[in-house]
Amino acid sequence: MPKRYDSSLQADTTVSQAQNAVNKLHYAVSQALSHPTAQTIVQAERRLAHTEQAMRQAELSLGGQGVELAEEMFIEEKRRLNSIQSQHGRGN
């Protein structure tokens with residue numbers, strides 16, 4: 001008989017993955033802000049794309065519940081990245 005995983009454990013894992021993605025985005029954006037080179041900005045943009053995917057996956061999996069904090073953090077990091085993109089003449 002195959003093992004069944006508790007759905008709350010799966011939900012916790014999905015939320016954790018989204019939060020981890022946001023934390024990595026925060027680090028990448030912080031690096032780009034402190035060392036604004038083309039390379040660090042591109043890395044932050046790539047991390048943003050990855051984080052967007054993790055957030056979509058969490059929302060699809062959980063129906064939007066349980067990801068509020070990660071969503072708030074994600075929005076703040078997008079704002080920070082947009083500010084550095086504007087300063088360095090890069091679009092979204």
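This is a predicted model: local features need pLDDT of at least 70, side-chain atom pairs count only at pLDDT 80 or more; totals for chains, interfaces and linings use all residues.
The protein contains 3 helices and 0 strands, and when its elements are followed from the N terminus they run α-α-α. Of the 92 residues in the protein, 29% are buried.

In soluble globular proteins, nonpolar side chains tend to be buried together. In this model the largest nonpolar core has 18 residues, and the members that touch the most other members are Ala44, Met55, Phe74 and Leu81. The elements that give two or more residues to this core are helix H1, which spans 7–34, helix H2, which spans 38–62, and helix H3, which spans 68–87. It is H1 that provides the largest share of the core, with 7 residues.

The axes of H2 and H3 come within 11 Å and cross at roughly 155 degrees. An angle over 145 degrees counts as roughly antiparallel, and H2 and H3 are therefore roughly antiparallel to each other. The crossing in which H2 passes H3 is left-handed. On the H2 side the contact is made by Ile41, Ala44, Glu45, Leu48, Thr51, Glu52, Met55 and Glu59, while on the H3 side it is made by Ala70, Glu71, Phe74, Lys78, Leu81, Ile84 and Gln85. Sorted by class, the residues in this contact of H2 with H3 are 8 nonpolar, 2 polar and 5 charged.

Lysine 78 lies in helix H3 and, setting aside residues up to four places away in sequence, it touches Leu48 and Glu52. Its relative accessible area is 30%, so lysine 78 is partly exposed, since that term covers values between 20% and 50%. Between the C-alpha atoms of lysine 78 and alanine 44 the distance in space is 9.7 Å, although the two residues are 34 residues apart in sequence.

Threonine 14 has its place in helix H1, and it is buried because its relative accessible area is 11%, where buried means under 20%. Leaving aside its neighbours within four places in sequence, threonine 14 is in contact with Gln57, Ala58, Ser61 and Leu62. Asparagine 23 is also placed in helix H1, but with a relative accessibility of 41% asparagine 23 counts as partly exposed. Its C-alpha atom is separated by 8.9 Å from that of alanine 70, which lies 47 residues away along the chain.

Arginine 46 is found in helix H2, and its relative accessible area of 62% makes arginine 46 exposed, because exposed means over 50%. From C-alpha to C-alpha, arginine 46 and alanine 28 are 9.3 Å apart in space, and they are 18 residues apart in sequence. Glutamate 68, for its part, is in helix H3 and counts as partly exposed, at 45% relative accessibility. Glutamate 68 and valine 15 are 53 residues apart in sequence, yet from C-alpha to C-alpha they are 9.5 Å apart in space.

Note on methods. Residues are numbered from 1 along each chain as its sequence is written. Side-chain values use heavy atoms; hydrogens and water are left out. A nonpolar core is a set of buried Ala, Val, Leu, Ile, Met, Phe, Trp, Tyr and Cys residues joined through side-chain atoms within 4.5 Å. Buried means under 20% relative accessible area, exposed over 50%, partly exposed in between (1.4 Å probe, protein chains only). Helices (H or I, at least four residues) and strands (E, at least two) are DSSP runs, numbered from the N terminus. Axes are lines fitted to C-alpha atoms, for helices over the stretch in contact, and angles run from 0 to 180 degrees between N-to-C directions. Angles under 35 degrees count as roughly parallel, over 145 as roughly antiparallel, 65 to 115 as roughly perpendicular and the rest as oblique. A crossing is left-handed if the near helix is turned anticlockwise from the far one by less than a right angle, and right-handed if clockwise. Contact means heavy atoms within 4.5 Å. Ala, Val, Leu, Ile, Met, Phe, Trp, Tyr, Cys and Pro count as nonpolar, Asp, Glu, Lys and Arg as charged, and the others, Gly among them, as polar.
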